[in-house]
Each structure stands twice: as structure tokens, then as C-alpha cells.
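Me: I would like to learn how to read a structure feature by feature. Could you take me through this one?

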Amino acid sequence: MGLKQFLHHITRQKGLNITNPNGQPYNFTGWNDLNTKWIDLEDKYQCYKTNPILNAIINKKASLCSKGRFYVADKQGNEMPNDPILPLLECPNFWQSKEAFIIQWVIINSLDGGAFNYPVAPAGFEKQINRVEALINIPMANADMPVNFGMQYLSDYSGYMDKVNSSKVKIEYQGNALEIPYGALISFYDLSDRPQECDFVNPISRIDSLKMDLSNINVSLEAMNVMANKPGGVGIVGVGSKDSTQTVPLGDTERAEMESKYKNAYGLTQEKSSVIFSTASLTYTSTMVKFADLGLTEINGTSISNTLAVFNMPPEIFSKEQTAYENKKIAELSFIQDEVMRTMDGFCNSLNNFFGYEDKKLRVSFDHLPAFTGKRRETAETLKIVTDTTISALDKGIIDVNKAKETIKQLTGVNYE
């Protein structure tokens with residue numbers, strides 16, 4: 001039931017007479033005719049290409065994700081530098097570097113709500129990392145897997161998964177119609193591993209919730225563009241004729257001549273003028289409509305904030321204020337820890353599961369990034385202070401060695417065992 005129907009229903013049920021301040025009944029008939037203008041979210045890639053805010057947010061996340069350092073560690077945390085998955089990720093295919101590959105993957109994953117990696121290998125050897133020659137990102141946007149799984153997994157999970165993995169995924173990719181078993185694809189999901197019941201290849205996308213905000217951004221920017229091209233920034237009031245000694249209003253011919261001359265020449269673009277010369281005695285009045293008066297800035301700001309929130313991105317990341325530099329570094333560090341690392345941990349986990357990494361794990365680190373430099377410096381300074389204080393306490397017999405180790409670990413996270 002829509003709002004219009006709801007109000008009619010309430011008035012009928014309660015016998016209410018809803019009137020406006022003038023005492024007249026409200027007319028609901030025009031409510032369905034509001035001039036709303038929504039973008040089409042079916043083509044999320046077009047939204048990404050044309051909306052500057054969405055483009056900037058996803059590109060920033062993709063750029064940070066691509067800077068992660070992959071490594072493989074055993075159960076004890078020791079790095080295994082010769083693992084075959086590392087050179088594969090460093091050069092996943094002949095046309096992409098690691099950075100380009102991850103950026104593309106993040107864009108696909110963010111827009112579609114999921115993505116596929118297709119491991120190029122001899123038939124039947126897709127899950128043997130030593131036999132994989134390349135990895136290719138494939139969007140889920142044009143994928144379909146028409147299988148009715150029902151609730152079989154509750155009674156026969158093994159048989160259910162066999163059915164899922166053998167089911168053919170129909171994919172439209174670069175003009176080609178492909179059919180690939182689901183089990184031969186590495187699947188990634190942005191928000192959930194099982195986004196919708198019986199639907200593994202059309203997950204929920206973050207963009208699905210942004211229809212109104214992205215539309216408002218587009219419309220407000222369009223309105224600003226119209227105002228920049230046709231600002232109406234000059235009002236001309238004639239108080240005399242061409243003869244400066246006369247004080248009679250401009251005649252119709254003179255007024256028409258000036259209107260014709262200047263109506264298309266004034267504006268804020270480079271081929272237009274912002275200066276008017278006239279032999280007439282004129283009074284200048286600005287008729288420029290301010291953005292603030294139209295609420296465009298507020299509309300745009302609210303929609304931008306909502307879009308940032310969907311991607312868990314602090315707005316300070318895009319701050320250009322010099323005084324906000326420290327806040328920008330803190331915001332970027334927070335975003336990496338909360339969102340970027342979560343995204344890349346999901347990427348690593350899917351590869352670990354696909355290639356059967358159990359006694360070792362592919363991981364990603366961001367400790368080498370500048371955003372972490374200050375944090376490491378602060379940790380080192382804190383460790384020095386705590387250590388010096390603890391050593392002094394040991395020398396004076398205030399605490400024993402075990403208590404000293406426990407104190408340092410609690411305050412700094414460093415284990416001296």
C-alpha cells in the first residue's frame with residue numbers, strides 16, 4: 001500500500017477529515033505524478049563510469065587493495081617465499097600486472113556483489129596450483145546457473161555440493177557464450193558467501209541500495225552544470241537612454257537590442273563574457289541563483305555521505321584541507337584495517353579453499369604502506385617506554401621476570417617468550 005492509498009484508507013476507517021492550513025481537503029491525486037528521475041541500476045558499470053562519486057570511491061578502494069603484499073605462511077607463521085601461487089599472483093596473465101588484476105577484481109566485486117576467477121589449466125587440473133598458467137577475472141553480471149537446489153543440503157550436504165560444483169554456469173564474457181562448471185571457478189562474494197537462496201551467481205550488490213543517492217548526485221550535478229552555463233547572473237535595469245543627458249527609460253528598440261546582444265554572451269564558460277560595456281546609464285543587479293538557496297549542496301552532500309557509508313569509507317579520506325592531513329591519514333588507516341583488509345582476506349580465503357591450502361595459507365599484508373608508518377613508530381616508542389620502566393622495576397625487585405613479560409605483552413602486544 002502506497003502513502004496515498006494508506007491516507008485514504010485511514011480517513012475512511014477513522015472518519016478523519018485531513019485538511020490543509022486553509023481548511024481545504026488535501027488533494028492526493030497528483031502524488032503519483034511527481035517528477036522523479038531515477039537511474040537504471042541494471043547496468044551498474046554504466047553507473048560506475050558516469051557517476052564521479054561512485055567512481056572515485058570504488059577506485060580508491062581498488063587502489064588500496066592492489067597495494068597489498070601477498071605471502072604464504074605455514075601454521076607457525078613462517079613465510080614460504082617459493083610457493084607457486086605467489087608468482088602466479090604477481091603476473092596473473094600476460095596482459096595484467098598484479099595491481100591491474102586486483103583493481104579490476106575489486107571493481108567487478110564491488111559492482112556485481114561477486115566475481116569469478118577462471119584458472120587457466122589443462123582440463124581436470126584447475127585446482128592444482130602447479131598446473132595453473134593464468135588467472136582471469138570474469139564478472140558475475142552476465143552469469144546464470146539455472147539449477148533448483150531446494151533444501152537438499154539439510155539432508156545430504158555432500159551430494160548437494162557435488163550437484164552445485166557440477167552445475168554449468170552460463171556466462172557472457174567479451175562477446176562469447178561460455179559454460180563452465182561452478183566448481184571450476186573461484187567464486188568471491190563481496191557481502192556474503194550465500195547472498196540469496198538457490199542463487200550463487202547473482203548476489204546482492206552494495207550498489208542496489210544506492211539508486212536514489214546516485215540519482216540525486218547525477219541530478220544535482222546536472223543542475224549545477226545548467227547554472228554554470230546559463231547562470232542568469234546579470235540583471236539590467238535601464239534608467240536612461242543612449243543619450244547620457246536624458247533620464248528616461250530605455251526604449252523598446254534599445255532594450256531589445258541589448259537583450260539580443262547579451263542574452264547568449266554572458267556566462268561562466270571561457271567563450272562567454274562576464275563584463276558588459278554600455279553607453280546607457282544602467283543599474284547592475286545580480287540575478288544569480290545561489291546553490292545554497294536551491295539546496296543542491298545539501299542534497300549532493302547527503303547523497304555522497306550515504307554512498308561513502310555503503311562502502312564503509314570515512315569522508316576524511318577525500319579531504320583537501322591541509323589542516324586535516326592527520327585526520328586523512330587516520331581515516332585511511334582505519335579504512336584499510338576495517339574494509340580493505342576484510343576484502344583482501346576474503347580474496348585470499350577463496351583461493352585457499354579452491355587450491356586446498358590447509359597446512360599453509362595465502363595471506364596479505366599492508367604493513368609496508370605509509371599509513372602504517374606512524375602506527376609502527378608509536379608502537380616502538382610505547383615499547384621502549386614500557387620496557388625501560390619494566391627493567392627499572394625488575395632492578396628494584398618490584399616485579400619478577402614473569403610479571404615483567406606479562407606486563408609488556410598486555411601493554412604493547414609484544415611477546416618475549
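Predicted model: local features only at pLDDT ≥ 70, side-chain atom pairs only at ≥ 80, totals over all residues.

Me: How buried is tryptophan 105, and why does it count as buried?
Reply: Its relative accessibility is 1%, so tryptophan 105 counts as buried, the cut-off being under 20%.

Me: How do I read a pair of aromatic rings?
Reply: A pair of aromatic rings is described by the distance of the centres and the angle of the planes. This structure holds six aromatic pairs. Take tryptophan 105 and phenylalanine 188: the ring centres are 5.2 Å apart and the planes stand at 80°, so the pair is edge-to-face. Edge-to-face requires an angle over 60 degrees.

Me: Where in the chain do tryptophan 105 and phenylalanine 188 lie?
Reply: Tryptophan 105 is in helix 5, residues 98–112, and phenylalanine 188 is in strand 7. They are 83 residues apart, so the pair links distant parts of the chain. Phenylalanine 188 has a relative accessibility of 2%, so this residue counts as buried too.

Me: What is the geometry of the rings of tryptophan 105 and phenylalanine 347?
Reply: Their centres are 4.9 Å apart and their planes are at 70°, so this pair is edge-to-face. Phenylalanine 347 belongs to helix 11, residues 325–354, and tryptophan 105 to helix 5, so the pair ties together parts 242 residues apart in sequence.

Me: Which residues do the ring pairs link into a cluster?
Reply: Phe70, Trp105, Phe188 and Phe347.

Me: How do I check the length of helix 5?
Reply: Compare the expected span with the distance between the ends. Helix 5 has 15 residues, so at 1.5 Å a residue the span should be 21 Å. The expected span uses one less than the number of residues. The end C-alpha atoms of helix 5 are 21 Å apart, which agrees.

Me: How many residues of helix 5 are buried?
Reply: 11 of 15, so the helix is mostly covered. Among the buried ones are Phe101, Ile102, Trp105 and Leu111. Just after helix 5, glycine 113 takes a positive phi of about 85°.

Me: Which way do the side chains of strand 5 point?
Reply: They alternate along residues 168–173. Val169, Ile171 and Tyr173 point to one face and are buried.

Me: What does strand 5 pair with?
Reply: Look at both of its partners. Strand 4, residues 143–144, pairs with strand 5 in the antiparallel sense over two bridges. There, isoleucine 171 is the bridge partner of alanine 143. Strand 6, residues 176–181, also runs antiparallel to strand 5, joined by six bridges. Glutamate 172 stands opposite alanine 177 of strand 6.

Me: How many residues lie between strand 5 and strand 6?
Reply: Two, and the strands form a hairpin. In the turn, glutamine 174 has a positive phi of about 50°.

Me: Is arginine 206 buried or exposed?
Reply: Buried, with a relative accessible area of 5%. Arginine 206 lies in the loop between strand 7 (186–189) and helix 7 (211–229). Its side chain makes a polar contact of 2.6 Å with the side chain of glutamate 339. Beyond four places in sequence, arginine 206 has contacts including Lys61, Ser110, Asp190 and Arg342.

Me: Where do charges sit over rings?
Reply: Look at two lysines. The charged end of lysine 360 is over the ring of tyrosine 357, 4.4 Å from its centre. Lysine 127 lies over the face of phenylalanine 354, at 5.1 Å from the ring centre.

Methods
Residues numbered from 1 in each chain as written. Heavy atoms only, no water. Helix = DSSP H or I, 4+ residues; strand = E, 2+ residues; numbered from the N terminus. Buried < 20%, exposed > 50% of the residue type's maximum accessible area, 1.4 Å probe, protein only. Polar contact = N/O pair within 3.5 Å; in protein donor to acceptor, adjacent residues only side chain to side chain. Contact = heavy atoms within 4.5 Å. Phe/Tyr/Trp six-rings, centres within 6.5 Å; stacked < 30°, edge-to-face > 60°. Lys NZ or Arg CZ within 6 Å of the ring centre and 35° of its normal. Pairing = 2+ DSSP bridges.
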